[in-house]
Amino acid sequence: MKPRRRGQGDQYLHRESHTYRDSVCRKMNAFHLHVQLGCVAQGLLQHLALNHMAEVWRLFAVGCAP
């Protein structure tokens, strides 16, 4: 993608080539997937912290050795 300065405004993608628009779409999809994966990981950690609190602290105290 072309470098843009901060606060330069929106891009006019309808004026760009088809390959450029596809690369912008791929980049936005990658951003969305990254954020969604972070949310899933945080949810799993919250589940472990809330529903298996004693086991988490027990393993934390011994350095994760069962």
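No aromatic pairs were found: the count comes to zero. The structure is a predicted model. One aromatic ring does take part in another kind of contact, with a charged side chain. Arg15 lies over the face of Tyr12. The distance from Arg15 to the ring centre of Tyr12 is 4.5 Å.

The fold is helical. The protein chain holds two helices and zero strands. Its radius of gyration is 21 Å, well over the 11 Å that the globule rule gives for 66 residues, so the chain is more spread out than a compact globule. The C-alpha trace spans about 60 × 25 × 20 Å along its principal axes. Helix H1 covers residues 18–51. Helix H2 covers residues 53–61.

Of the 66 residues, 3% count as buried. The protein chain exposes about 6300 Å². Carbon and sulfur atoms supply 63% of that area.

A nonpolar patch lies on the surface. Leu45, Leu48 and Val56 form this patch. Together, these three residues have about 260 Å² of accessible area. Leu45 counts as exposed because its relative accessibility is 58%, and the cut-off for exposed is over 50%. Leu48 has a relative accessibility of 40%, so this residue counts as partly exposed. Leu48 was also compared in position with Leu59. The two residues are 11 apart along the chain. Their C-alpha atoms are separated by 12 Å.

Charged contacts were examined next. The count comes to one salt bridge. Arg58 forms this bridge with Glu55. The closest N and O atoms of the pair are 2.8 Å apart. Both residues lie in helix H2. Arg58 and Glu55 are three residues apart, which is about one turn of the helix. Arg58 counts as partly exposed because its relative accessibility is 44%. Glu55 is likewise partly exposed, because its relative accessibility is 38%.

In summary, the predicted model is a chain of two helices and zero strands. Its surface carries a nonpolar patch of Leu45, Leu48 and Val56. Arg15 sits over the ring of Tyr12.

Key. Residues are numbered from 1 along each chain as its sequence is written. This is a predicted model: local features need pLDDT of at least 70, side-chain atom pairs count only at pLDDT 80 or more; totals for chains, interfaces and linings use all residues. Side-chain values use heavy atoms; hydrogens and water are left out. Patches are made of residues with over 30% relative accessible area and no salt bridge: like charges are joined within 9 Å, nonpolar side chains (Val, Leu, Ile, Met, Phe, Trp, Tyr) within 5 Å. Accessible areas come from the Shrake-Rupley method with a 1.4 Å probe; for residues, only the protein chains shown count as cover. A salt bridge is a side-chain nitrogen of Lys or Arg within 4 Å of a carboxyl oxygen of Asp or Glu. Helices (H or I, at least four residues) and strands (E, at least two) are DSSP runs, numbered from the N terminus. Buried means under 20% relative accessible area, exposed over 50%, partly exposed in between (1.4 Å probe, protein chains only). Rings of Phe, Tyr and Trp (its six-membered ring) pair if their centres lie within 6.5 Å; planes under 30 degrees apart count as stacked, over 60 as edge-to-face and the rest as tilted. A charge sits over a ring if NZ of Lys or CZ of Arg is within 6 Å of the ring centre and within 35 degrees of the ring normal. The radius of gyration is taken over C-alpha atoms; the globule rule is 2.2 Å times the number of residues to the power 0.38.
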